Amino acid sequence: MARQVTGAARRVADAAEVLRDEKFNARRIELAEAALETLGELGFARTSLREIAQNSAFTHGVFHYYFSDKLDLICCCVRHYKAKCVTRYDEVVATATSRDELTEGFLAKLAATLQNEARMHRLWYDLRSQAMFEAAFRKDVLEIDKSLEAMIWRIASRYAEFGRKRPASSPAALYALFDGLFQSALLKHLAGDKAAVPELLDEVRRLLPTVC
């Protein structure tokens, strides 16, 4: 009987611990979302926890409680944002019934994210560059890169299937190609080049049939 009580108490304690962890992680996500706007505007190097707190509804102390330092916060921010990004095109892949339909759906979402979320993409490239120097970022950056690579591969594979083909390049090569085009277009867009988005779409439209 005593062992049964002890076992039940342990299960209750374990459940309570899981609940605390879930609440803690949910709070971290809430704070990360609040910080993304400031980070996207100022970038990694020019932003401190104090500045993030000043531009949010939360105090500096709250950020310090949930994050060990700025690196911890930024990694959480980018992981959270990119986790949403990598599923952006899944509906297009799942519902398209032809190469043309897949192409137009992909391009529409590509244009929308470049125009509407440029600062968040800029933060990602900032973080990826910082990972060359800051070891704390590398694991997260490499994991995010792999998830983005898989996202591009899903699009390319589906496009190739419609033509009864296989992609002509490896997942890594295709990702590097599309990512390079996107980053170049992002820089032009941030510089005020109104042709950046249509030129990117034209390039992708020409490119898809040659690699898939």
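Leaving aside neighbours within four places in sequence, which residues is Glu-149 in contact with? In this predicted model, the partners of Glu-149 are Pro-171, Ala-172 and Tyr-175. Glu-149 itself belongs to helix α8, which covers residues 135–162. With a relative accessible area of 14%, Glu-149 falls under the 20% cut-off and is therefore classed as buried. After α8 comes Arg-164, whose phi is positive, near 55 degrees.

Attention now turns to charged pairs. Side chains of opposite charge can pair when their charged atoms come close. Across the whole structure, 13 salt bridges are found. One of them joins Asp-72 to Arg-28, with an N to O distance of 3.2 Å. This pair links distant parts of the chain, as Asp-72 sits in helix α4 (residues 70–85) and Arg-28 in helix α1 (residues 2–42), 44 residues apart. Arg-28 is buried, at 11% relative accessibility.

Helix α10 (residues 196–211) holds both Asp-202 and Arg-205, three residues apart, or about one turn of the helix. Their salt bridge has its closest N and O atoms 3.6 Å apart. Asp-202 is partly exposed at 37%, and Arg-205 is likewise partly exposed at 36%. Also in α10, Arg-206 and Glu-203 are three residues apart, and their side chains meet in a salt bridge at 2.9 Å, N to O. Glu-203 is partly exposed, with a relative accessible area of 32%. Salt bridges with shared partners bring Glu-104, Asp-202 and Arg-205 together in one network.

Note on methods. Residues numbered from 1 in each chain as written. Predicted model: local features only at pLDDT ≥ 70, side-chain atom pairs only at ≥ 80, totals over all residues. Heavy atoms only, no water. Helix = DSSP H or I, 4+ residues; strand = E, 2+ residues; numbered from the N terminus. Buried < 20%, exposed > 50% of the residue type's maximum accessible area, 1.4 Å probe, protein only. Contact = heavy atoms within 4.5 Å. Salt bridge = Lys/Arg side-chain N within 4 Å of Asp/Glu carboxyl O.
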